[in-house]
Amino acid sequence: RRQYRLNDKRKNTAELRGLMPSVLFTPDNLQLVKGSAEQRRDAIDLVGVQLSRTYARIRSDYQKIIRNKNRIFKEDTIDREVLMSWNDNLVEVASMFLAHRIQLFAAMETEVSRIYGALVPDEQLDAAYYPSWVKEKDDFNREHAEQIISSDREAIRNRLSVEIAARMEDEIIRRRCIVGPHRDEVVFYLNGRDARRYGSQGQMRTIALAWKIAEVEVITKIHSQRPVLLLDDVMSELDEHRRGALIEYLAGKVQTVITTTNLQYFDPDFIESAYIVDLAEMLERTATP
């Protein structure tokens, strides 16, 4: 079994969460823009659970409610009173969860827009958070986007209550939960247009890179501690310009662990300042009798 110890005392994962904040960047993260909505929601939540135990607890409670509610839809005959009871629980927990997530998204959106602008000065990146009941997401209008979301829990609770009641019959027909933070969406816009539909591969990868750097900055501001940055073979997926931008950001700022199969991706000064572990050599040494 996997075990965790702190100062030689056994700890569970909840007790260790946030102790050493980290940001992980893998090739899969480069699908942030055009990947599933779940990936973008998780990108926010994985920051949130490191910053706040309350965020982690509320998210876990919400996920349990969704699982229990979905079990009702699997029954041959749906008990509407039981379903309405779960809906009441969902509204209470979801309103807390969504209020926390929207606040964190606002902090991330500010940073990712600023960082993208530094990487690509002639382009404007914006991001919008759309709750599950919003349908129109084509062009970016900041005033419209700000009107849609609010971190005021009472306003969120009221809207969720109305939407869940209005969609209950639809949920029963479709046999699944279709209203709540688990169905929300984040959309990135370049110069006002949906980056998923109109952005180039390079632009979408730059957004993903800017998002990861933004994670570091937001965690640093809120936690007052720079996270460890873990780059898992991501350099091979970035072009020379984006590798250079990432290395320039890393220089002297963030403790970083990088896996790579090619040291040519890094300039000599960066290599000189790094501690390099050659796994092939290490395995060869340990295999020698």
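## Arg157 and helix H6

Arg157 lies in helix H6 of this predicted model. With a relative accessible area of 18%, Arg157 is buried, because the cut-off for burial is under 20%. Once neighbours within four places in sequence are left aside, Arg157 is in contact with Val91, Glu92 and Ser95. The C-alpha atom of Arg157 is separated by 9.0 Å from that of Val93, a residue 64 positions away along the chain.

Helix H6 covers residues 153-174 and bends by about 50° at Met168. Met168 is also one of the buried residues of H6, a list that includes Ile156, Arg157, Leu160, Glu163 and Ile164. Arg167, Glu171 and Ile172 in H6 are buried as well. The cover over the buried residues of H6 includes helix H3 (53-73) and helix H4 (80-119).

## After H6: Arg175

Arg175 follows H6 and is found in the loop between H6 and strand S5 (185-190). Arg175 is not a glycine, yet its phi is positive, at about 60°. Its relative accessibility of 37% makes Arg175 partly exposed.

Asn7 is placed in the loop between strand S1 (4-6) and strand S2 (9-11). Its phi is near 50°, a positive value in a residue other than glycine. Asn7 counts as exposed, because its relative accessibility is 72% and the cut-off for exposure is over 50%.

## Two buried loop residues

Pro131 is found in the loop between strand S4 (125-130) and helix H5 (142-148). Although it sits in a loop, Pro131 counts as buried, at 2% relative accessibility. Pro131 and Asp184 are 53 residues apart along the chain, and their C-alpha atoms are separated by 4.6 Å.

Thr26 is found in the loop between strand S3 (22-25) and helix H2 (37-51). Thr26 is buried too, with a relative accessible area of 14%. Not counting residues up to four places away in sequence, Thr26 touches Asp232 and Val234.

## Helix packing: H2 with H4

Two packed helices are described by the angle between their axes and the distance between the axes. H2 and H4 pack at an angle of about 100°, with their axes 10 Å apart. H2 and H4 are therefore roughly perpendicular to each other, since angles of 65 to 115 degrees count as such.

From H2, the contact is made by Arg41, Ile44, Asp45, Val47, Gly48 and Leu51. From H4, the contact is made by Phe97, Arg101, Leu104 and Phe105. The residues of the contact of H2 with H4 divide into 6 nonpolar, 1 polar and 3 charged.

## Helix packing: H8 with H9

Helix H8 (residues 201-223) packs with helix H9 (residues 240-250) at an angle of about 10°, and their axes are 11 Å apart. That angle makes H8 roughly parallel to H9, because angles under 35 degrees count as roughly parallel.

On the H8 side are Gly202, Gln203, Arg205, Thr206, Leu209, Ile213, Val216 and Glu217. These residues meet Arg242, Leu246 and Tyr249 in H9. The contact of H8 with H9 divides into 5 nonpolar, 3 polar and 3 charged residues.

## The nonpolar core

In soluble globular proteins, nonpolar side chains tend to be buried together. The largest nonpolar core in this model has 81 residues. Within this core, the residues that touch the most other members are Ile44, Tyr129, Phe188, Ile207, Trp211 and Leu231. H4 gives the most to this core, with 16 residues.

Trp211 is in contact with Leu32, Ala43, Ile44, Met108, Val112 and Phe188, leaving aside its neighbours within four places in sequence.

## The whole protein

The protein has 11 helices and 8 strands. Of its 289 residues, 44% are buried. Its C-alpha atoms fill a box of roughly 70 × 50 × 35 Å along the principal axes.

Among contacts with a separation of 6 or more, 72% are between residues 24 or more positions apart.

Definitions and conventions: Residues are numbered from 1 along each chain as its sequence is written. This is a predicted model: local features need pLDDT of at least 70, side-chain atom pairs count only at pLDDT 80 or more; totals for chains, interfaces and linings use all residues. Side-chain values use heavy atoms; hydrogens and water are left out. Axes are lines fitted to C-alpha atoms, for helices over the stretch in contact, and angles run from 0 to 180 degrees between N-to-C directions. Helices (H or I, at least four residues) and strands (E, at least two) are DSSP runs, numbered from the N terminus. Angles under 35 degrees count as roughly parallel, over 145 as roughly antiparallel, 65 to 115 as roughly perpendicular and the rest as oblique. Contact means heavy atoms within 4.5 Å. Ala, Val, Leu, Ile, Met, Phe, Trp, Tyr, Cys and Pro count as nonpolar, Asp, Glu, Lys and Arg as charged, and the others, Gly among them, as polar. The bend at a residue is the angle between axes fitted to the seven residues ending there and the seven starting there. Buried means under 20% relative accessible area, exposed over 50%, partly exposed in between (1.4 Å probe, protein chains only). A nonpolar core is a set of buried Ala, Val, Leu, Ile, Met, Phe, Trp, Tyr and Cys residues joined through side-chain atoms within 4.5 Å.
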